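Please prepare a short briefing on the structure shown below.

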Amino acid sequence: MKKALALLLAAAALATAALAADNALSPQEQRDGWILLFDGKTLNGWMTSNREPSKTPVEDGAINPHRSGGYMLIHEKQWANYRLALDFKLSKGCNSGIFIRTFPLTPRSGRDVGFNGIEIALDDTTGAGYHDTGAIYDLVKPSRNAMKPAGEWNHAEITADRNLITVAINREVVSRMDLDQFTMPNKRPDGSDHKFDVAFKEHPRRGYIGLQDHGAPC
């Protein structure tokens, strides 16, 4: 993940300024309330979901969670309502994701820590299903796959505003989720099945941001 990996608190404030240089904030972005989560040089503020330092160093001014040593790399603070903006580039065949509101970090028996968060899928695919880029993984399909091909940089913005989750890929909103409509484990609002034994209406509204290692560089 490269360029401005940054967070805007209070998701209702949606003013957007032109991006500054990679891994930096412009004066206007700072006035708007953006907080830089990655300095482009170190992994200060980041650790694995096992609460250990990453085994993968910063690569070419970017975070790469692959082979970091945990299910995901997480930012050390918990966040509730915000807009997260970042750039991402996938390797060929990559399967990864951005997790939000991950809590707690201790997995339940028989489950990985991903079951404790909400994942926005990042995949080297061309479809628009529950597991393709921009999907809220296994819960909400994107309206279309707005990602550029593997090897090219893409921009993602994820807004968490109380019960509402919105995902934009390359400035296009592709998926929305109202957590309050997910009232039953393993069921979407339309009655179809999903994999999570969780009623997302009851999911914590605060947690960790995570970058998934699912077996390929990103």
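Predicted model: local features only at pLDDT ≥ 70, side-chain atom pairs only at ≥ 80, totals over all residues.

Residues are numbered from 1 along each chain as its sequence is written, and side-chain values use heavy atoms, with hydrogens and water left out.

**Cysteines**

- A disulfide is a covalent bond between the sulfur atoms of two cysteines.
- The search of the whole structure, which takes a disulfide to be a pair of cysteine sulfur atoms within 2.5 Å, finds 0 disulfides.
- Cys-94 is in no disulfide, and the nearest cysteine sulfur, that of Cys-218, is 4.6 Å away.
- Cys-94 is buried, with a relative accessible area of 2%; buried means under 20% relative accessible area, exposed over 50%, and partly exposed in between (1.4 Å probe, protein chains only).
- Cys-218 also counts as buried, at 11% relative accessibility.

**Aromatic rings**

- Rings of Phe, Tyr and Trp (its six-membered ring) pair if their centres lie within 6.5 Å; planes under 30 degrees apart count as stacked, over 60 as edge-to-face and the rest as tilted.
- On this basis, the whole structure holds 4 aromatic pairs.
- In one of them, the ring centres of Tyr-71 and Phe-99 are 6.0 Å apart and the planes stand at 70°, so the pair is edge-to-face.
- This pair links distant parts of the chain, 28 residues apart: Tyr-71 is in the loop between strand S3 (46-48) and strand S4 (72-79), and Phe-99 is in strand S6 (residues 95-102). Helices (H or I, at least four residues) and strands (E, at least two) are DSSP runs, numbered from the N terminus.
- Tyr-71 is partly exposed at 24%, whereas Phe-99 is buried at 1% relative accessibility.
- Phe-196 and Phe-200 form an edge-to-face pair, with 5.8 Å from centre to centre and 90° between the planes; both residues are buried.
- Phe-196 and Phe-200 belong to one aromatic cluster with Phe-115 and Tyr-137.

**Charges over rings**

- A charge sits over a ring if NZ of Lys or CZ of Arg is within 6 Å of the ring centre and within 35 degrees of the ring normal.
- The charged end of Arg-111 sits over the ring of Phe-115, 4.9 Å from its centre.
- Arg-188 lies over the face of Tyr-130, at 3.7 Å from the ring centre.

- In strand S5 (residues 82-88), 7 of its 7 residues are buried.
- Both faces of S5 are covered, with Tyr-82, Leu-84, Leu-86 and Phe-88 on one side and Arg-83, Ala-85 and Asp-87 on the other.
- S5 and S8 pair in the antiparallel sense over 7 bridges, where pairing requires that DSSP finds at least two bridges between two strands.
- Tyr-82 has Ala-160 as its bridge partner in S8.

- Asn-154 is in strand S8 (residues 154-161) and counts as buried at 2% relative accessibility.
- The side chains of Asn-154 and Asn-170 are joined by a polar contact of 3.0 Å. Such a contact is a pair of N or O atoms within 3.5 Å; within protein, one must be able to donate a hydrogen and the other to accept it, and residues adjacent in sequence count only if both atoms are side-chain atoms.
- Gly-69 lies in the loop between S3 and S4 and is partly exposed, at 37% relative accessibility.
- Gly-69 and Met-47 are 22 residues apart in sequence and 9.5 Å apart in space, C-alpha to C-alpha.
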